[in-house]
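Hi there,

Here is the structure I promised to hand over. Please open it beside this email and follow along as you read.

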Amino acid sequence: MADAPTLLVADLGGTSMKIGAVVDGVPQAIHQRVASSNFRTRDPLGAMAEVLSGFASEHRLSPEAVVMTVPGFVDRDFDHALYVANIPELNGLAVASGLSARLGKPVMLERDAVLLLQGEQLQGAAQGQDCVLGIFFGTGVGAAFIDDGEVFRGAGWALEIGHMPIHGDAEPLDGLKADSLEVYASGRRLNALAVHHAVAVEDLFRPGGPPALQADLDLFVRDQAFATASVMLMLCPKALVLGGGILDMAGYPRDALVRQIRERATLPPSRALDVRFAQLGWRAALHASARLVSERLSAPARPPSIPQEDALHAR
C-alpha cells in the first residue's frame with residue numbers, strides 16, 4: 001500500500017451514510033449521502049458494498065482501503081458491531097471483514113464519535129488539545145475521549161453515553177431502554193416532538209413557537225447539559241468539543257447549552273471550562289482516516305471481547 005493511499009470513507013449515522021474520499025492524504029470535495037434505511041435489510045453489508053462500489057466507480061476512484069464508522073458499540077477486535085440501536089440489522093455482524101470480503105480490500109471499522117473527535121483534533125476545533133472530550137448530538141448521542149493521544153475505550157466500548165440512564169419516565173423508543181439519554185436528548189426525540197407539536201423538525205428551534213413546544217425544548221437542552229456535565233466530571237478533560245447535527249439546527253440555543261453545562265459541572269476554582277463547537281461536521285472523519293489506516297495496518301490483530309453468539313444480544 002502506498003504511503004498516502006487512496007481511501008474511501010463512509011460515516012454511517014442513524015439517518016444517513018456520508019461517503020467521501022481521501023486522495024494523496026487530502027480529503028476530496030466529492031461526497032454522497034445515502035439514507036440509512038437502505039441498510040435496514042436482511043443483507044446490510046451487501047447493500048453497503050453496492051453503494052460504496054458505485055460511489056468509487058462514479059468518481060473513478062481505485063481505493064486501496066475503506067474506513068467505515070458505525071454509531072454504536074464496536075468490539076475491541078474492530079471487526080464486529082456489537083449493538084447499533086438505530087440500525088439493529090448490524091448487531092453482531094463482522095462488519096469490517098464482511099465488507100472486506102465483498103469489496104476485495106481492507107476495511108477499518110471505528111466508532112463514529114472517535115473518528116469525528118480525532119478529525120477535530122487534527123484539523124478542527126480541538127487542534128492543540130491533548131486531553132479532550134467530544135460529545136455529538138445527532139440521530140443518536142455519541143462521545144469520545146482522547147488523553148495524551150490515546151482513545152479511551154475501557155473494556156472495548158466505553159462512552160456509549162446515549163444509553164446511559166437519565167430519567168426513566170418516558171416512553172421507550174425502538175432499541176432503547178426507557179431511561180436512556182437518547183430517549184430524551186437525541187434527534188429521535190426531536191422527531192417525536194415535531195410530530196406531537198405539528199412543527200417541521202427543521203423549524204423546532206426557530207423563534208416564535210408555541211409555549212408548550214418551548215417548554216419541551218427547554219427540557220431537551222437541559223438534559224443535554226445534564227449528560228454533558230456528568231461525563232465531564234467523570235473524565236476531567238482540558239477541553240470539551242460539542243458537535244452533531246442538532247447543534248447546527250437553525251435557532252438552536254448554543255449559549256443556553258453552554259451556560260447550563262457551566263452551572264452543573266462543578267470544577268475547581270482554578271479550572272476554566274474550555275468549550276468549543278465542532279468545525280468540520282462529518283468531514284472530520286476524512287481528516288482522521290489516513291492515520292487510522294496506518295495505525296491499524298501496523299497493529300496486531302485483536303480477539304473479540306465476547307463469544308460472538310452473545311454479541312447478537314448485547315445491549
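Is Phe73 buried or exposed? Phe73 counts as buried because its relative accessibility is 7%.

Before going on, a word about the source. This is a predicted model, in which local features need pLDDT of at least 70, side-chain atom pairs count only at pLDDT 80 or more, and totals for chains, interfaces and linings use all residues. Residues are numbered from 1 along each chain as its sequence is written, and side-chain values use heavy atoms, with hydrogens and water left out.

**Aromatic rings**

Rings of Phe, Tyr and Trp (its six-membered ring) pair if their centres lie within 6.5 Å; planes under 30 degrees apart count as stacked, over 60 as edge-to-face and the rest as tilted. By this rule there are 3 aromatic pairs. Helices (H or I, at least four residues) and strands (E, at least two) are DSSP runs, numbered from the N terminus. Tyr83 counts as buried because its relative accessibility is 5%.

The ring centres of Phe205 and Tyr252 are 5.1 Å apart and their planes are at 70°, so this pair is edge-to-face. Here, too, distant parts of the chain are linked, 47 residues apart: Phe205 sits in the loop between helix H5 (187-197) and helix H6 (211-235), and Tyr252 in the loop between strand E12 (239-243) and helix H7 (254-264). Both Phe205 and Tyr252 are buried. Ring pairs also join Phe205, Phe220 and Tyr252 into a cluster.

Arg254 lies over the face of Phe277, 4.2 Å from the ring centre, and Arg296 lies over the face of Phe78, at 3.6 Å.

**Strands and a sheet**

How many residues of strand E8 (residues 107-111) are buried? The count is 5 of its 5 residues. In a regular strand the side chains alternate between the two faces of the sheet. In E8, Val107, Leu109 and Arg111 point one way, while Met108 and Glu110 point the other way. Strand E5 (residues 65-70) runs parallel to E8 and is joined to it by 5 bridges; two strands pair if DSSP finds at least two bridges between them. Val67 stands opposite Met108 in E8.

Now look for the open sheet of 5 strands, with mixed pairing and the order E11-E10-E9-E12-E13. Its edge strands, strand E11 (150-151) and strand E13 (275-277), each pair on one side only. Strand E9 (residues 131-137) and E10 are antiparallel, with 7 bridges between them, and Ile135 stands opposite Ala143 in E10. H6 packs on this sheet and touches E9, E10 and E12; its direction makes about 155° with that of E9. Contact means heavy atoms within 4.5 Å, while axes are lines fitted to C-alpha atoms, for helices over the stretch in contact, with angles from 0 to 180 degrees between N-to-C directions.

Asp147 belongs to strand E10 (residues 141-147) and is partly exposed, with a relative accessible area of 39%. Leaving out residues up to four places away in sequence, Asp147 touches Asp130 and Cys131. Asp148 has a positive phi of about 55° although it is not a glycine. Asp148 lies in the loop between E10 and E11 and counts as exposed, at 64% relative accessibility.

**Helix H1**

Helix H1 (residues 44-58) has 15 residues and reaches 21 Å from its first C-alpha to its last, close to the 21 Å expected at 1.5 Å a residue. The expected span is 1.5 Å times one less than the number of residues. Among the buried residues of H1 are Leu45, Met48, Leu52 and Phe55. What covers the buried residues of H1 includes E5 and helix H2 (95-103). Just after H1, Arg60 takes a positive phi of about 55°.

Enjoy exploring!

Definitions and conventions
Buried means under 20% relative accessible area, exposed over 50%, partly exposed in between (1.4 Å probe, protein chains only). A charge sits over a ring if NZ of Lys or CZ of Arg is within 6 Å of the ring centre and within 35 degrees of the ring normal.
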